[in-house]
Amino acid sequence: SHLPRSPRGMSIFWRMLRPEFVAKFCNPLSPDANTQISADLTDTALHQKNISDATNFLLNKIIPSLADEIANMKLERDKFGGFGIDVTSAMHRAGINMRHLGIVRAQFWRKIIGGAEIKFGTSRVVTHKSFIAQGVRRGSQLKIGQDYYRVTTDMKKEFSSSELHLDRPYGGNSCLCTDDVFAGEVSNDENSERVRALLLAEMVARTMKNIARQHLRSLCLREKCTSEHLIRTILADHLNTLTGSNSNTEEMWTEHLYFGLSERFGNCIISKADRFSLFDRTRAMLVYLVNRFSIMLGIEIKEETIKSFSHYPDYYHFVISDIKFVRAMTKHNIYSAEFADAMILSARSKFTSTTSYSYEVKLDNPLVYWSFSDSKTSSYAHNEGSLGENMEGKYSGNEELEVFL
């Protein structure tokens with residue numbers, strides 16, 4: 001798999017197939033497949049095969065199809081709005097979990113760094129940089145000059161970090177070190193550079209969101225309390241880490257963000273050799289990166305600050321007063337205030353249900369109790385007493401049910 005295993009062995013819970021995909025897949029899928037619950041059932045093997053087929057269909061058909069759709073879109077010039085691409089909506093509409101952002105990005109064309117040595121009439125290609133670290137796999141598509149090739153899937157042929165074999169002999173001029181080698185899958189390479197920058201910024205924003213939330217939780221546990229001032233301070237500190245104006249920027253990007261990206265989205269995100277250039281790779285999309293990070297954490301930045309930042313984003317320094325307010329959010333990006341209102345409404349509903357006339361009657365454990373709360377289509381008056389259906393009544397047909405006074 002392109003995704004690492006969960007450190008707590010809980011991968012199954014955050015790698016579930018999205019309902020949009022399950023609804024469209026050709027075979028019904030069991031939620032108990034690959035668990036101990038269904039291990040001894042007679043149709044276990046069938047359900048496991050269906051899940052395997054569904055996963056392969058997602059990786060080999062759905063994801064490439066979405067990438068090709070994005071590659072052929074007419075992009076807008078607005079970086080702040082992600083060139084007009086709503087990454088989250090597009091992926092969820094296709095039934096793709098956001099954990100697969102890395103493999104979606106790998107569909108777009110990128111230059112193979114390090115050059116390549118190749119001779120006319122042969123299929124062997126050698127590089128001074130790692131093919132594997134740059135996301136090249138068996139079956140990957142390469143563009144050498146103006147010609148397209150596939151890395152052979154023949155297991156007898158050599159495939160390593162420094163050497164691979166094409167699916168057919170190279171037809172161009174022999175080169176000791178050509179830098180005209182690209183890898184990708186989409187049919188149109190015109191937007192690849194911008195889309196790859198956009199998707200990398202989206203992944204960085206999501207990873208930084210998780211880091212910021214961990215810091216906020218640690219603060220609450222350590223201090224046994226929290227305050228708006230402390231929250232603003234921590235969030236402003238993380239915003240400055242993104243822009244590069246924080247003193248710990250280098251450590252955060254080369255350590256926490258780099259390993260966080262690999263843990264969350266897989267090793268196909270960025271090569272080990274490019275670990276120390278990760279910060280520079282996102283500079284072109286800095287305004288988008290800060291905007292997405294702010295949205296995910298419920299941060300509203302003052303309009304004058306946004307204008308100033310948009311003009312000079314590199315190394316911009318945010319202060320606490322630049323944050324208009326922070327709308328604290330719970331899991332699944334639900335605003336805490338709205339969540340609290342829903343909890344209060346639920347509590348009121350429960351209180352009302354336990355203090356109603358019907359509740360008081362049932363406390364006496366009556367033998368027969370007709371509440372006459374049946375639906376319009378009911379022929380029988382349901383007995384809610386201890387004698388149950390043995391004492392059900394029958395409507396004559398002239399009653400008017402479901403009347404709200």
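1. The structure holds eleven aromatic pairs. This is a predicted model, and the points below pick out some of its ring contacts.

2. Among the pairs is Phe309 with Tyr316, whose ring centres lie 5.6 Å apart with 75° between the planes. The arrangement is edge-to-face because the angle between the planes is over 60 degrees.

3. Phe309 also pairs with Phe318: the ring centres are 5.4 Å apart and the planes stand at 50°.

4. On burial, Phe309 has a relative accessible area of 3% and is buried. Phe318 is likewise buried, with a relative accessible area of 3%. Tyr316 has a relative accessibility of 15%, so Tyr316 counts as buried, the limit being under 20%.

5. The charged end of Arg194 sits over the ring of Phe83, at 5.4 Å from the ring centre. For Arg283, the charged end sits over the ring of Phe279, and the distance to the ring centre is 3.7 Å. Both distances are within 6 Å, the limit that applies to the CZ of Arg.

Key
Residues numbered from 1 in each chain as written. Predicted model: local features only at pLDDT ≥ 70, side-chain atom pairs only at ≥ 80, totals over all residues. Heavy atoms only, no water. Phe/Tyr/Trp six-rings, centres within 6.5 Å; stacked < 30°, edge-to-face > 60°. Buried < 20%, exposed > 50% of the residue type's maximum accessible area, 1.4 Å probe, protein only. Lys NZ or Arg CZ within 6 Å of the ring centre and 35° of its normal.
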